[in-house]
Amino acid sequence: MSDTPIIDMHHHLGKEPDYADRLAAACERLGIIRVCLVAIEPGCYLGSFGGNDAVERAFKQHPDLMLGFGHVRLGIDGPQKVSELKDRGFTGLKFIVPARPYDDESFFPIYERAEELGMPGLFHLGIVARQEEGHHVRVRCHYMRPVHLDAIARTFPRFTIIGAHLGNPWYEEAAMTARWNPNVFFDLSGSTLKYRTPQFLGELLWWDSTTRYGSPDGSHAWEKIVFGSDVEYYEIKDVLHDYEVVMKANHLRPDLRSAVRYRTAARILGLQVG
Ligand SMILES: [Zn+2]
């Protein structure tokens, strides 16, 4: 399975004190050369994952493997939070459960700062799991519809945006947003690869540089897809397997497979592409 290197764009730090070490060992076994640790601040809906402080400790302990995506709470934090996270060594930003739709203009100074500082943003999209401990947080899934990324991407063309879960269940919005915006990418983490068929995904991700209707930068649809696990370290292998199944069933060329596994993520993260 580890024929080309893999970058995991979407991983959360578990609560166990030695989680980062266990994750590092799993990455070694699976051929994962970089893993993005996506923070969710305590008290912000999902309390069982590592927040900014825990993620910072982990990526400073494993600097060759782990990168940090710091949580900016939309509706609470301002653009200075983006600068603070940059100064602390975070590579990118995480957004989830915004107080208003993602494309609300009151959030634009945050995206503008991210663009200025070259920090990609990973946006949770679509439905979110229900957690007892987060009952005090207002959750409106329609604020996290993928089409909201379109206005952000057009306004801030140098801000790189990664949408999680291909927008589950709003897949068509996600695919068209990816097609029209060279700065928008998606991962396929979550339940999608378990309940949607390879054929369904192939129909959504249909365009390439030769089709009558393509994308403005001539990219292939699968070049907009990155690998993200979004499970605990011991389940990453299962998600990788699901990605392989869907890529094989859609007869992806080797260069597109490596784009999904590594190349596109490396470009987003500014890493040397091998
Ligand atoms: Zn996640």
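**Close-up 1. His251 sits in the loop between H9 and helix H10 (254-269).** Helices (H or I, at least four residues) and strands (E, at least two) are DSSP runs, numbered from the N terminus. This is a predicted model, in which local features need pLDDT of at least 70 and side-chain atom pairs count only at pLDDT 80 or more, while totals for chains, interfaces and linings use all residues. Residue numbers start from 1 along each chain as its sequence is written. Although His251 is not a glycine, its phi is positive, at about 55 degrees. Is His251 buried or exposed? His251 counts as exposed because it has 9 C-beta neighbours inside 10 Å. The terms work like this: a residue is buried if 20 or more other C-beta atoms lie within 10 Å of its own, exposed if 12 or fewer, and partly exposed in between, with C-beta atoms placed from the backbone.

**Close-up 2. Asp230 lies in the loop between S8 and helix H9 (236-249).** Here too is a residue other than glycine with a positive phi, near 55 degrees. Asp230 is buried, because 20 other C-beta atoms lie within 10 Å.

**Close-up 3. Eight strands make up an open sheet with parallel pairing.** Their order is S1-S2-S3-S4-S5-S6-S7-S8. At the edges are strand S1 (6-11) and strand S8 (225-226), each of which pairs on one side only. Two strands pair if DSSP finds at least two bridges between them. Strand S4 (residues 92-95) and strand S5 (residues 121-123) run parallel and are joined by three bridges. Look for Leu93, which stands opposite Gly121 in S5. Helix H2 (residues 52-61) packs on the sheet, where it touches strand S2 (32-38) and strand S3 (66-71). The direction of H2 makes about 165 degrees with that of S3. For contacts, the C-beta atoms of two residues, placed from the backbone, lie within 7 Å. Axes are lines fitted to C-alpha atoms, for helices over the stretch in contact, and angles run from 0 to 180 degrees between N-to-C directions.

**Close-up 4. S6 and S7 run parallel, joined by three bridges.** Ile162 has Phe185 in S7 as its bridge partner. Val184 and Phe186 point one way from S7, Phe185 and Asp187 point the other way, and all are buried. Helix H6 (residues 171-180) lies across strand S6 (161-163) and strand S7 (184-187), at about 140 degrees to S7. In the loop between S6 and H6 you will find Pro169, joined to Asn168 by a cis peptide bond with omega about 10 degrees.

**Close-up 5. Helix H3 (residues 79-87) packs with helix H4 (residues 108-117).** From H3, Pro79, Val82, Ser83 and Lys86 meet Pro109, Ile110, Arg113, Ala114 and Leu117 in H4.

**Close-up 6. Ala20 belongs to helix H1 (residues 19-30).** Ala20 counts as buried because it has 24 C-beta neighbours inside 10 Å. Leaving aside residues up to four places away in sequence, Ala20 touches Leu13, Ala58, Gln61, His62 and Met66. Ala20 and Leu37 are 17 residues apart along the chain, with 9.7 Å between their C-alpha atoms.
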